[in-house]
Amino acid sequence: MYARLIGEEIAERAEGPLLFLSRSVDVGLNEAVEIESADGRRRLGRVAALDEASVTVEMLDDTAGLALQGTRVRFFGEPLRFRVGPGFLGRVFNGVGQPLDSGPPLAAEQAFRVDGLPLKASARQAPTEFLETGFTAIDLMNSLVRGQKLPLFSGGGLPHDRIAVDIACNARLPGTKGDAADFAIVFAGIGIPHDSAQFFRDEMERSGALARTVLFLNLASDSSAQRLLTPRFALTAAEYMAFSEGKHVLVILTDLTNYCEALREVSASRGEVPSRKGYPGYMYSDLATLYERAGRIRGVAGSVTQIPILSMPSDDITHPIPDLTGYITEGQIVLDRDLHRRDLYPPIRVLPSLSRLMKDGTGKGLTHADHPALAAQLYAAYAQAQQTRILASVVGEDGLSPTDRQYLAFGQVFEQQVVNQDAPRSLDQSMAAGWQALRGLPRSELHRLSDAQIAAHLEA
């Protein structure tokens, strides 16, 4: 890495997270920058935009108190890199990879670009292996597969923080204990308040999950430009552990809405023309640069699986953030405010939730052979129960047929005993809960199960 010094007179102004400079040397987009103020304090940044006369630098630290006079800027001639090496697990970092715990600096072996490197489609291996989260509504109904990107759509006040921590604590590879040596978690809190950061840290320490986790914490008080880099540093750590150390890594990113708000703020500071709801027109491609870093590589043992969590403003699933996310990812898990009001946890709304890769990671040789059929039957029965509830609201329960009443009862059982849970479940326990819920329906209504499956699980 080399540095080129630019004189003191080129710093023109600072606005929010951006520093505007007069251009006097050749520089490139995303080039790493060091800003040294007159008092000797050094701040990091990267080139965000440039033209023939000016350079715009995104500051990774707060610009408050930065005096333009006497400020010196160094360009390093290469993109921002994260110096990585063994010893990641159990460590806590800020949003740009600086240790927040009392541990020593990371013993770096390699320096990876935080933006990642393009991966040829032909080099990708299709995700085909089940990854257990401990939640029945996900494992049984919308299974997560290693190498998949499966977002969680939440809303203000819903318990997505608790769900994120529970997944981090309970996720495991099937057939192994939760602390298997080839499984790791990368957890990134993006633009979160201090109490949430402390909650994440305390819960993982209490459960012992921190020993297999790398924790990145970007606070709401940190620079918005730093917020844009937090998921990139986290994904760089995940890629190192997956493709250099051969681990299967689950990446949990929360909250991507804070990331998109920072993207809108920085875009507005640059004077860019806004698109839908003020977000930049390139937000789709920007989000894709994060989500597409999930996957597997042919001939490489490890994998990167993503669960990005985002809160939908006003619970609007058509908002640009969930809307664009849905186009890029392979499904979604949707939280429901009504289930939350009824004190059901996790309040996952099964019908609009979807895992497009579930069929590739479940069934004979991957999970239980009866898993896909059971999930399909539960889904169909619950959909019928929802329609019956609508009918009952019009004609009353007295106007329902005996079969309709059985569906109505099934809907209650499904929500209370399958979706709702007070402890993590293995896939075996989730399937047992599913079979038990179906016992209340007539055998003639179980169209998605074979006679052998009905005899084995419902008539024993």
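Is serine 314 buried or exposed, and what is its relative accessible area? Here is a friendly walk through this predicted model, starting with that residue.

1. Serine 314 is exposed, with a relative accessible area of 77%. (Buried means under 20% relative accessible area, exposed over 50%, and partly exposed in between, with a 1.4 Å probe and protein chains only.) Serine 314 lies in the loop between strand 19 (303-311) and helix 7 (320-328), and its phi is positive, about 55°, although it is not a glycine. Most residues other than glycine have a negative phi.

2. Lysine 277 sits in the loop between helix 5 and helix 6 and is exposed at 53% relative accessible area. (Helices, H or I of at least four residues, and strands, E of at least two, are DSSP runs numbered from the N terminus.)

3. Now to those two helices. The axes of helix 5 (residues 256-270) and helix 6 (residues 283-291) come within 12 Å and cross at roughly 135°. (Axes are lines fitted to C-alpha atoms, for helices over the stretch in contact, and angles run from 0 to 180 degrees between N-to-C directions.) The pair is therefore oblique; angles under 35 degrees count as roughly parallel, over 145 as roughly antiparallel, 65 to 115 as roughly perpendicular and the rest as oblique. Helix 5 contributes Leu256, Tyr259, Cys260 and Leu263 to the contact, and helix 6 contributes Met283, Asp286, Leu287, Leu290 and Tyr291. (Contact means heavy atoms within 4.5 Å.)

4. Strand 20 (residues 331-335) has 5 of its 5 residues buried, so it is largely enclosed by the rest of the structure. Gly331, Ile333 and Leu335 point one way, while Gln332 and Val334 point the other way. Strand 20 runs parallel to strand 14 (residues 152-154), joined by 2 bridges, and antiparallel to strand 21 (residues 348-355), over 4 bridges. (Two strands pair if DSSP finds at least two bridges between them.)

5. Two cis peptide bonds deserve a look. One joins threonine 254 and aspartate 255, with omega about 10°; the other joins tyrosine 345 and proline 346, with omega about -5°. Proline 346 is in the loop between helix 8 (337-341) and strand 21.

6. A word on conventions: residues are numbered from 1 along each chain as its sequence is written. In this predicted model, local features need pLDDT of at least 70, side-chain atom pairs count only at pLDDT 80 or more, and totals for chains, interfaces and linings use all residues, while side-chain values use heavy atoms, leaving out hydrogens and water.
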